[in-house]
Amino acid sequence: MLFVGDLSDGDLRLTKSITQLKHPVAVILGNHDRGKDASGETFQRQLNLLGDLHCGWRMREWTNPAVGVVGCRPGSAGGGFHLSRAVQAVVGPITVEQSAARIVDACASVPPSWPLVLLAHAGPTGLGSEASDPCGRDWKQPPCDWGDRDLALALDQLAPRRRPSLVVFGHMHHRLKGRQGERSTYQRDRHGTVFLNAACVPRRGMDAEGRQLCHWSWVEFDQANLVHASHRWYLPDGQLAYAETLLDLASAGASH
Ligand SMILES: [Fe+2]
């Protein structure tokens with residue numbers, strides 16, 4: 001289970017419940033996780049609670065399933081490269097290049113046969129400048145690319161060595177402001193790296209029959225290759241109610 005951040009507006013109860021999950025978990029905190037506290041104390045409390053579950057700028061290793069999850073810059077608000085006062089109070093001043101280098105270094109410890117997953121709060125620049133692109137600014141005109149430059153730089157530097165199977169992020173809500181419709185949440189580049197925006201907000205809702213739904217983005221791997229990606233909405237008893245399939249190489253292979 002990967003958590004892409006903005007868990008709450010600084011309320012620690014949800015963070016606590018994440019630490020009690022029995023599943024393999026990795027978390028990256030988002031800009032809202034500092035609460036209204038610019039001193040950084042609330043942000044630091046979240047980090048203390050999460051301990052090893054938080055993987056900002058480091059690899060979190062799961063052995064079952066074998067996956068290397070590398071967290072990107074904690075507390076990002078997208079928009080290129082900006083450190084809020086709270087985040088800077090916790091991580092200190094850091095440059096775009098230093099942040100990218102930390103991401104790249106952390107990726108080096110992931111065994112080649114494992115899927116490499118980059119877990120970020122905001123996605124990278126380069127996925128498009130329209131409001132409906134995976135990291136497109138939709139709340140203000142003109143629309144622009146609101147991705148993170150350090151993550152894009154890290155991906156460039158990783159390209160000759162190790163391409164991630166998946167870059168998953170949140171921050172940019174699926175539903176666009178006003179009447180602009182829905183965001184495109186998925187891209188796959190020509191090398192097979194999947195970019196997935198998991199920010200279905202709110203994650204809980206109700207369908208036309210009054211059933212409660214909870215959203216999850218879902219991926220499946222075959223060795224290091226990502227072969228399935230979908231958005232899924234589950235009922236409270238765990239039954240799958242709806243799925244929007246984004247990629248399904250597994251069943252495409254089986255049908256031939
Ligand atoms: Fe956010």
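**Ground rules**

Before looking anything up, I settled my terms: helices (H or I, at least four residues) and strands (E, at least two) are DSSP runs, numbered from the N terminus. I number residues from 1 along each chain as its sequence is written. My model is a predicted one, where local features need pLDDT of at least 70 and side-chain atom pairs count only at pLDDT 80 or more, while totals for chains, interfaces and linings use all residues.

I started with Pro202, which I found in the loop between β8 and β9. The peptide bond that joins Val201 to Pro202 is cis, with omega at about -5°.

I then went to Pro142, in the loop between β5 (116–119) and α5. Here too I noted a cis peptide bond, joining Gln141 and Pro142, with omega of about -10°.

In the loop between β6 and β7 I looked up His171. Its phi is near 70°, a positive value in a residue other than glycine.

**Entry: domains**

Where do the domains of the protein chain run? I have domain 1 at 2–199 and domain 2 at 202–256; such bounds come from an automatic or database domain assignment. I get 21 Å between the C-alpha centres of domain 1 and domain 2. To their contact, domain 1 gives 12 residues and domain 2 gives 11 residues; I call two residues in contact if their C-beta atoms, placed from the backbone, lie within 7 Å.

On the side of domain 1 that touches domain 2, β7 (186–188) and β8 (194–197) each supply at least two residues. I sorted the residues of that side into seven nonpolar, four polar and one charged. For the sorting, Ala, Val, Leu, Ile, Met, Phe, Trp, Tyr, Cys and Pro count as nonpolar, Asp, Glu, Lys and Arg as charged, and the others, Gly among them, as polar.

A reminder to myself: strands of a sheet pair through backbone hydrogen bonds, either parallel or antiparallel. I count two strands as paired if DSSP finds at least two bridges between them.

I traced six strands in an open sheet, in the order β3-β4-β5-β6-β8-β7, with mixed pairing. β3 (59–63) and β7 stand at the edges with a single partner strand each, so one side of each has no neighbour in the sheet. From one strand to the next, the twist averages 15°; the axes behind such angles are lines fitted to C-alpha atoms, for helices over the stretch in contact, and angles run from 0 to 180 degrees between N-to-C directions.

I picked out β6 (residues 166–169), which pairs with β8 in the parallel sense over four bridges. Which residue of β8 is the bridge partner of Val168? I found Leu196.

**Entry: the four-stranded sheet**

I followed another open sheet, of four strands in the order β9-β10-β11-β12, with antiparallel pairing. Its edges are β9 (204–206) and β12, each with a single partner strand, so one side of each is left without a neighbour in the sheet.

Between β10 (residues 212–222) and β11 I have nine bridges, with the strands running antiparallel. Glu220 has His228 in β11 as its bridge partner. β11 (residues 225–234) in turn pairs with β12 (residues 240–248) in the antiparallel sense over seven bridges. Here Arg232 has Ala243 in β12 as its bridge partner. β11 and β12 form a hairpin with five residues between them, and Gly238 in the turn has a positive phi of about 95°.

**Entry: helix pairs**

At what angle do α4 and α5 cross? I find that the axes of α4 (residues 96–107) and α5 (residues 149–158) come within 8 Å and cross at roughly 45°. That makes α4 oblique to α5: angles under 35 degrees count as roughly parallel, over 145 as roughly antiparallel, 65 to 115 as roughly perpendicular and the rest as oblique. Among the contact residues are Val96, Ile103 and Cys107 of α4, and Leu151, Leu153 and Leu158 of α5. I divided the residues of this contact into nine nonpolar, two polar and two charged.

Leu12, Thr15, Lys16 and Thr19 of α1 meet Arg45, Gln46, Leu49 and Leu50 of α2. I divided these contact residues into three nonpolar, three polar and two charged.
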